[in-house]
Amino acid sequence: MTEAIPAVFLAWDQKKAESPSPMTILSKSAWEAAAGLALVATLTVGAVVFLRRKRPTDEELEQLRRKLLSQTGRLVDGMLLDVREMEIEDGRILTMLEYKYRSSGVDYECSQDITTLLDVVDLTEMRAGFPCSVRYQTGHPQNSIVIAEGWSGLRTTLPVFPKPGGRAHKDLERLSPDRN
């Protein structure tokens, strides 16, 4: 059975089909403008947050550098040259550790500010001319350290070698291959 649809309802359905859907209240250009404003507002908030963030201090950057080198730096032998105290313009006194080392045939003389590390190391144990271990960054060998918070390349004594003719020396000769 087909029932006849009154003409009033058909006219109403046609008007409904011609009018914009309820979801598109604004025109296309209004949506684009709103999206642009939201994008500009988001970028503005992001820029303000970026510019107002807490930047690391020089001491925090130095501590991060020492930590990185103590964990990943290449290890070589070096020699302590001197421990100096220097006064800078603002009146502070810096304790500088001077050392030298060789990497890939190039000699480097460097210094490290150990003022903040004086609780880690004893200045009386540092002697000029003593060997030390140096950690440096591969690719940038001038970036080096001898002391860090969790690592020290200082040696308290000189290495002891066996006496020629002694028992330890004979054991070493026995273990070494024949040189005929």
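A residue here counts as buried under 20% relative accessible area, exposed over 50%, and partly exposed in between, with a 1.4 Å probe and protein chains only. By that rule, buried residues make up 22% of the 180 residues in the protein chain.

Before you start clicking, note that this is a predicted model: local features need pLDDT of at least 70, side-chain atom pairs count only at pLDDT 80 or more, and totals for chains, interfaces and linings use all residues. Residues are numbered from 1 along each chain as its sequence is written, and side-chain values use heavy atoms, with hydrogens and water left out.

**Stop 1: the whole chain**

Switch to a cartoon view. Followed along the sequence, the pattern is α-α-α-β-β-β-β-β-α. Now think about contacts, meaning heavy atoms within 4.5 Å. Of the contacts between residues at least 6 apart in sequence, 53% join residues at least 24 apart.

**Stop 2: the tyrosines**

Next, select Tyr-99, Tyr-101, Tyr-108 and Tyr-136, which ring pairs link into a cluster. A pair of aromatic rings is described by the distance of the centres and the angle of the planes. The cut-offs are these: rings of Phe, Tyr and Trp (its six-membered ring) pair if their centres lie within 6.5 Å, and planes under 30 degrees apart count as stacked, over 60 as edge-to-face and the rest as tilted. Across the whole structure, a search finds three aromatic pairs. Zoom in on Tyr-99 and Tyr-101: the ring centres are 6.2 Å apart and the planes are at 20 degrees, so this pair is stacked. Tyr-99 is buried, with a relative accessible area of 0%, and Tyr-101 is buried too, at 3%.

Keep Tyr-101 on screen and turn to Tyr-136. These two rings are also stacked, at 5.9 Å centre to centre and 20 degrees between the planes. Tyr-101 belongs to strand 2 and Tyr-136 to strand 4 (residues 131-137), so the pair ties together parts that are 35 residues apart in sequence.

**Stop 3: arginines over rings**

A charge sits over a ring if NZ of Lys or CZ of Arg is within 6 Å of the ring centre and within 35 degrees of the ring normal. Select Arg-53 and Phe-50: the charged end of Arg-53 sits over the ring of Phe-50, 4.2 Å from its centre. Then pick Arg-135 and Trp-151, where the charged end of Arg-135 sits over the ring of Trp-151, 4.9 Å from its centre.

Arg-135 and Trp-151 lead us to Leu-75, which is in contact with both of them and with Ser-133 and Val-134, leaving aside neighbours within four places in sequence. Leu-75 is found in strand 1 (residues 74-87) and, at 47% relative accessibility, counts as partly exposed. Try the distance tool on Leu-75 and Ser-133: they are 58 residues apart along the chain, yet their C-alpha atoms are separated by 6.6 Å.

**Stop 4: Thr-95**

Move on to Thr-95 in strand 2. Is Thr-95 buried or exposed? Thr-95 is buried, with a relative accessible area of 3%. Beyond residues up to four places away in sequence, Thr-95 touches several others, including Val-83, Gln-112, Ile-114 and Leu-123. The C-alpha atoms of Thr-95 and Val-83, twelve residues apart along the chain, are separated by 7.0 Å.

**Stop 5: the largest pocket**

Show a surface and select Glu-59, Glu-62, Arg-66, Arg-92, Ile-93, Leu-94, Asp-113, Thr-115 and Thr-116, which line the largest pocket. On a 1 Å grid over the protein atoms alone, a pocket is an open set of points where a 1.4 Å probe fits, with protein on both sides within 12 Å along at least five of seven lines; lining residues have an atom within 4 Å of a point. This pocket holds about 180 Å³ of space, the volume being the space filled by probe spheres set on the points.

Which helix gives the most to the lining? Helix 3 does, with three residues. Helix 3 (58-72) and strand 2 (93-103) each supply at least two residues of the lining. Colour the lining by type and you get two nonpolar, two polar and five charged residues, where Ala, Val, Leu, Ile, Met, Phe, Trp, Tyr, Cys and Pro count as nonpolar, Asp, Glu, Lys and Arg as charged, and the others, Gly among them, as polar.

**Last stop: Ser-104**

Finish at Ser-104, in the loop between strand 2 and strand 3 (106-113). Ser-104 is exposed, with a relative accessible area of 77%. Check its backbone: phi is near 55 degrees, a positive value in a residue other than glycine.

Notes
Helix = DSSP H or I, 4+ residues; strand = E, 2+ residues; numbered from the N terminus.
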